[in-house]
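Hi everyone, thanks for making the time. Let me put the model up on the screen, and then we'll walk through it together.

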Amino acid sequence: MPAARSVGDRSGADGSITNDDPLDRAVWRLRSRGCWDDAAALLEPHAARHAPAALRRAALLVERCMFTATGWATAEDALRGAEALAGDDDERGGAACERGQLAYAATVLGVRDRADEARSALGRAAALLAPAAAGRPLLDFRRGLMAEHVADSPDSARAAYRRAHAGATAQGDTLLLSFTWRHLAGLALRDGELAEARHGFAESLRIREELGFLVGTAPALAALADAAPEEDAPRLRAEAARLFRLMGGVPTWLADHLTPDPAAT
């Protein structure tokens with residue numbers, strides 16, 4: 001079975017998962033279970049006039065597109081609202097980063113080739129976000145996705161993922177770390193570095209399980225299975241398939257990487 005290559009399943013503009021605010025906790029609970037529309041609805045009353053809330057809502061709906069390959073028009077509308085409300089470089093840069101991710105998702109999922117738009121938006125975000133800005137590690141990660149999956153430049157991707165990993169570590173963005181571990185491990189696997197790949201995939205899975213990021217756990221299990229010893233891989237892949245079915249077939253791009261369960265056919 002070919003390695004399960006993630007097309008980059010992170011989109012959230014907000015890395016604060018353990019916030020004491022009840023709204024933040026509710027949004028995280030829904031997002032982590034793949035209930036993006038419900039999470040976005042909680043933010044909608046605030047998003048009409050508050051730029052950070054509008055950006056956060058748009059990010060949720062962009063993430064939904066990446067995981068489900070649906071909801072493009074809703075995400076576009078939310079993103080236009082966030083762009084209109086953005087009042088400083090950080091907010092404009094964050095909106096541009098989400099614009100780039102939406103265009104990237106449409107490209108890699110085969111909906112429409114928007115690679116030029118993705119490059120332009122991410123370049124605009126890079127010009128707006130200061131090196132120490134809170135959104136910079138996520139931008140670096142997404143530029144790595146473009147380098148790996150659109151430009152097919154693994155060296156550039158690795159450098160971008162490493163910058164994102166360092167930035168996420170410095171900022172305490174644990175969820176983003178689960179993605180940087182995962183994608184660095186994917187490049188290691190591509191190079192035949194099995195021990196490094198297993199370590200990275202295992203770290204990604206550990207973080208997602210600890211955070212309760214259920215919607216991202218099946219991809220993490222499938223990725224670890226691709227690097228695991230032969231005796232462990234079937235168990236990991238079976239658990240990934242079980243969670244994939246539990247989540248209603250989300251993320252959709254994972255379907256091609258999972259062996260169907262004969263008992264279910």
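Let me start with a question: is the crossing in which α1 passes α2 left-handed or right-handed? It is left-handed, a label used when the near helix is turned anticlockwise from the far one by less than a right angle, with right-handed for clockwise.

A word on where this comes from. This is a predicted model, in which local features need pLDDT of at least 70 and side-chain atom pairs count only at pLDDT 80 or more, while totals for chains, interfaces and linings use all residues. Residues are numbered from 1 along each chain as its sequence is written, and side-chain values use heavy atoms, with hydrogens and water left out.

Now the overall picture. The protein has twelve helices and zero strands; these are DSSP runs numbered from the N terminus, H or I of at least four residues for helices and E of at least two for strands. Of its 265 residues, 54% are buried, where buried is under 20% relative accessible area, exposed is over 50% and partly exposed lies in between, using a 1.4 Å probe and protein chains only. Take the contacts (heavy atoms within 4.5 Å) with a separation of 6 or more: 61% of them join residues 24 or more positions apart.

Back to our pair. Two packed helices are described by the angle between their axes and the distance between the axes. For α1 and α2, the angle is about 155 degrees and the axes are 7 Å apart. The axes are lines fitted to C-alpha atoms over the stretch in contact, and angles run from 0 to 180 degrees between N-to-C directions.

Who meets whom? On the α1 side we have Leu23, Ala26, Val27, Leu30 and Arg31, and they meet Trp36, Asp38, Ala39, Leu42, Leu43 and His46 in α2.

Which residues of α2 are buried? They are Trp36, Ala39, Ala40, Leu43 and Ala47. They sit on the same side of α2, because they cover an arc of only 90 degrees around the axis, taken from the directions from the helix axis to the C-beta atoms. Their cover includes α1, α3 and α4.

One last stop: Val150, in the loop between α7 and α8. Val150 counts as partly exposed because its relative accessibility is 26%.
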